[in-house]
Amino acid sequence: MSSTLPIVLSGPSGTGKSTLLKKLFAEFPTKFGFSVSSTTRKPREGEVNHKDYNFVTVDEFKKMISDKEFVEWAQFSGNYYGTTIKSVNEVKESGRMCILDIDMQGVKLIKQIPDFKCRFVFIAPPSIESLRERLTGRGTETEESLSKRLAAATAEIEYSKEPNAHDIIIVNDDLDKAYKQLKDFIFEQ
């Protein structure tokens, strides 16, 4: 690998990020790793502390925020979730390249951290209409959730067009082509 810098993968829900990552991890099972996120939510049955998540209290999480321990963090449904600098470094120290799959807000937060270098990949749909079809095809979206996802997708796509927002934008209109572009970017000299 030409670089050990973490890869930050972002893009709207339904663009195929998870599918691309599954292919990457299947082809290169020992080269990549995800950092273990921290959260204030309670563990679900079967989840293991420090493996599935680092489970912390709200007070601990807020202290971590004030101590600037996070690469990115957000609050969802009353719980906090975040990626610590330490967890990213642990992946790197294991000899693997860290992959972070995060949203636009997380990308913006990471870009504010001095001396934290990453490579940014945006996975884009061919069009909003094709994204609508993919999300509808899942059969998991209500009209309201679909509208929210498409509004968020539009904002993410607009942000991706800003100068220096990402190092590469991959339009996932053909999975094999998109996967080749992702691999070429990751392994470029």
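Visitor: Which strands form the open sheet with mixed pairing, and in what order?
Guide: Four strands do it, in the order β4-β3-β6-β5. Keep in mind that this is a predicted model.

Visitor: Which strands stand at the edges, and why is one side of each left without a neighbour?
Guide: Look for strands with a single partner. Here they are β4 (54-55) and β5 (70-76). Each pairs with one strand, so one of its sides has no neighbour in the sheet.

Visitor: How do β3 and β6 pair?
Guide: Check the sense, then count the bridges. Strand β3 (residues 38-39) and strand β6 (residues 79-84) are antiparallel, with 2 bridges. Now find a facing pair: threonine 39 is opposite tyrosine 81 in β6.

Visitor: Which helices lie on this sheet?
Guide: Take helix α2 (residues 58-66) to begin with. Helix α2 lies across β3, β5 and β6, at about 45° to β6. Then turn to helix α3 (residues 85-93). Helix α3 packs on the sheet and touches β5 and β6, and its direction also makes about 45° with that of β6.

Visitor: How many bridges join β5 and β6?
Guide: There are 6 bridges, in the antiparallel sense.

Visitor: Where do side chains point along a strand?
Guide: The general idea is simple. In a regular strand, side chains alternate between the two faces of the sheet.

Visitor: Is histidine 50 buried or exposed?
Guide: Exposed means over 50% relative accessible area. Histidine 50 has 57%, so it counts as exposed. Lysine 68 is exposed too, with 67%.

Visitor: What is the strand order in the sheet with parallel pairing?
Guide: That open sheet has 5 strands, ordered β2-β7-β1-β8-β9. On average, neighbouring strands here are turned by 30° against each other, direction ignored.

Visitor: How do β1 and β7 pair?
Guide: Strand β1 (residues 7-10) and strand β7 (residues 97-101) run in the parallel sense, over 3 bridges. Valine 8 stands opposite leucine 100 in β7. Helix α3 returns here: α3 lies across β2 and β7, at about 140° to β7.

Visitor: How many aromatic pairs are there?
Guide: The count is 11. Take tryptophan 73 and tyrosine 80 as a case. Their ring centres are 5.9 Å apart and their planes are at 45°, so the pair is tilted. Tryptophan 73 is partly exposed, at 31% relative accessibility. Tyrosine 80 is buried, at 11%.

Visitor: Which residues form one aromatic cluster?
Guide: Phe25, Phe28, Phe32, Phe34 and Phe187.

Visitor: Which charged residues sit over a ring?
Guide: Start with lysine 108. Its charged end is over the ring of tyrosine 159, 4.9 Å from the centre. Then see arginine 119. Arginine 119 lies over the face of phenylalanine 185, 4.3 Å from the ring centre.

Visitor: Where is asparagine 172, and is it buried or exposed?
Guide: Asparagine 172 is in the loop between β9 (168-171) and α7 (175-187). Buried means under 20%. Asparagine 172 has 5% relative accessibility, so it is buried. A polar atom of its side chain lies 2.7 Å from the backbone oxygen of threonine 15. Beyond its neighbours within four places in sequence, asparagine 172 has contacts including Leu20, Ile123 and Arg134.

Visitor: What does lysine 183 contact?
Guide: Lysine 183 is in helix α7. Set aside neighbours within four places in sequence, and its contacts are Leu24, Glu27 and Phe28. With the side chain of glutamate 27, the side chain of lysine 183 makes a polar contact at 3.2 Å.

Definitions and conventions
Residues numbered from 1 in each chain as written. Predicted model: local features only at pLDDT ≥ 70, side-chain atom pairs only at ≥ 80, totals over all residues. Heavy atoms only, no water. Buried < 20%, exposed > 50% of the residue type's maximum accessible area, 1.4 Å probe, protein only. Polar contact = N/O pair within 3.5 Å; in protein donor to acceptor, adjacent residues only side chain to side chain. Contact = heavy atoms within 4.5 Å. Pairing = 2+ DSSP bridges. Axes fitted to C-alpha atoms, helices over the stretch in contact; angles between N-to-C directions. Phe/Tyr/Trp six-rings, centres within 6.5 Å; stacked < 30°, edge-to-face > 60°. Lys NZ or Arg CZ within 6 Å of the ring centre and 35° of its normal.
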